[in-house]
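Thanks for coming. Please have a look at it first.

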Amino acid sequence: MKQLQTDQTLEHTLPYDNYVNPQIFEEEKKKIFQNSWILAGHTSQVEKVGDFFTFDIANQPLIISRDKNNELNAFYNICPHRGSKVEKSEQGNKKVFMCSYHGWTFQLNGKLNRAPNFDTNELGNHSCMTQVKLEVFQSLIFINLNPEARPMVETYGELIANLEKYTFLDSLKKIRVTQRVIDANWKAVVDNYLECDHCKIAHPEFSKTFDMKNYHIDLHDNFSCQYSELTNKTNKEHANFYWVWPNLMVSIYPGKDGNMTTSQILPLAPDKSLAIYSYYFKSDEINEEQEELIRFVDQVRREDFDLVELLQKGFYSNAFKHGIYSPTEYAIKYFHRLYEDAINRE
């Protein structure tokens, strides 16, 4: 007679308290989101001198701009005079940035232009907006709030090498962006992405499109990759769905009209996240096939977000303290291991 599996042989997930506890959430912002390479945007958003966009991560407001030397810069969107937020627009083109509180102005690289009522020579460290580390990879702009952060290649070297085969990525432009506030913890969204056990139930169209019997999730250094052939086998090259530590999903669709989508899951509160999903194509003119891809991806995301919002309600329950991993949820287990390493790091 087959012996039933006991609780002692099951592997437990992160405690559910990690998905609802405000104190843990504040610790995550400092140890993970202010200490990791985070996708901020795309070079197509700052093509010309004076172009800029603003971006917030873990309560830290930032500006990314292209200066007069054609260099990209990232700095805190905070005036050194009294701490006011400087730029209020989400994007645009300007010759200088001006703080609307006392009229301090700053150059496109964050350096002081003019400070009324001050001798600028005496301001010292207060004469510039604070710079932030910035790196560009395949036209994607990443920032890191840790001034001592290691270069991206030291953290994501295997990923960088893996994506070099997609020679079309640098030719893409960010064409469309959709945002949605999800009533769920950011980790719940990542957990959901890292397994496809729910796909046949929650994603009927996705499950008909991809061969679920041969669906793969491969683990790599600080990222994972999911892939499967299409059921109609019209494309010889399969799409790859990457998750990149801590909060980024990148879907790459090769072929004649190669394109890409990205999803950023930004933490807003223990039970609230902002999903920013962007679509990148070679041309501003989106054809019918690309519109169909956008519709398909949006539908899968809506189905996932409905699931994780339902999941979040369960995290507050007294019924269980944690979940359990199924044998096929090894990618979630890998994510949780990276998470615990980051949270426990002094």
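Let's begin with Leu310, which lies in helix 6. Helices here are DSSP runs of H or I with at least four residues, strands are runs of E with at least two, and both are numbered from the N terminus. Before going on, a word on the source: this is a predicted model, where local features need pLDDT of at least 70, side-chain atom pairs count only at pLDDT 80 or more, and totals for chains, interfaces and linings use all residues. Residues are numbered from 1 along each chain as its sequence is written, and side-chain values use heavy atoms, with hydrogens and water left out.

Is Leu310 buried or exposed? Leu310 is exposed, at 60% relative accessible area. The cut-offs are under 20% for buried, over 50% for exposed, and partly exposed in between, with a 1.4 Å probe and protein chains only. Asp218 is 92 residues from Leu310 along the chain, and their C-alpha atoms are separated by 28 Å.

Helix 6 itself covers residues 288-315, which is 28 residues. From first C-alpha to last it reaches 41 Å, close to the expected 40 Å; the expected span is 1.5 Å times one less than the number of residues. At the start of helix 6, a side-chain oxygen of Asn287 comes to within 3.1 Å of the backbone nitrogen of Glu289.

In the loop between strand 18 (272-281) and helix 6 we find Lys282. Lys282 is partly exposed, with a relative accessible area of 39%. Setting aside residues up to four places away in sequence, Lys282 touches Phe168, Ser171, Leu172, Lys256 and Gly258, where contact means heavy atoms within 4.5 Å.

Next is helix 3, residues 186-193. How many of its residues are buried? Eight of its eight residues are, so the helix counts as mostly covered under the buried cut-off. Among them are Trp186, Lys187 and Asp191. At its start, a side-chain oxygen of Asn185 reaches to within 2.9 Å of the backbone nitrogen of Lys187.

Two packed helices are described by the angle between their axes and the distance between the axes. Helix 3 packs with helix 7 (residues 330-344) at about 145°, with the axes 9 Å apart. The contact is made by Trp186, Lys187, Val190 and Asp191 of helix 3, and by Ile332, Phe335, His336 and Tyr339 of helix 7. For the angle, axes are lines fitted to C-alpha atoms, for helices over the stretch in contact, and values run from 0 to 180 degrees between N-to-C directions.

Now the backbone. Most residues other than glycine have a negative phi, and most peptide bonds are trans. Asn59 has a phi near 70°, a positive value. Asn59 sits in the loop between strand 3 (51-57) and strand 4 (60-66), and is exposed at 57%. Ser139 also has a positive phi, near 70°, but Ser139 is buried, at 9%. Ser139 is in the loop between strand 10 (133-137) and strand 11 (140-144). As for the peptide bonds, a cis one joins Trp245 and Pro246, with omega about 0°.

Last, the cysteines. How many disulfides are there? With a disulfide taken as a pair of cysteine sulfur atoms within 2.5 Å, the count is zero. Cys79 is in no disulfide, and its nearest cysteine sulfur, that of Cys99, is 4.1 Å away. Cys79 is buried, at 2% relative accessibility, and Cys225 is buried at 7%.

Definitions and conventions:
A polar contact is a pair of N or O atoms within 3.5 Å; within protein, one must be able to donate a hydrogen and the other to accept it, and residues adjacent in sequence count only if both atoms are side-chain atoms.
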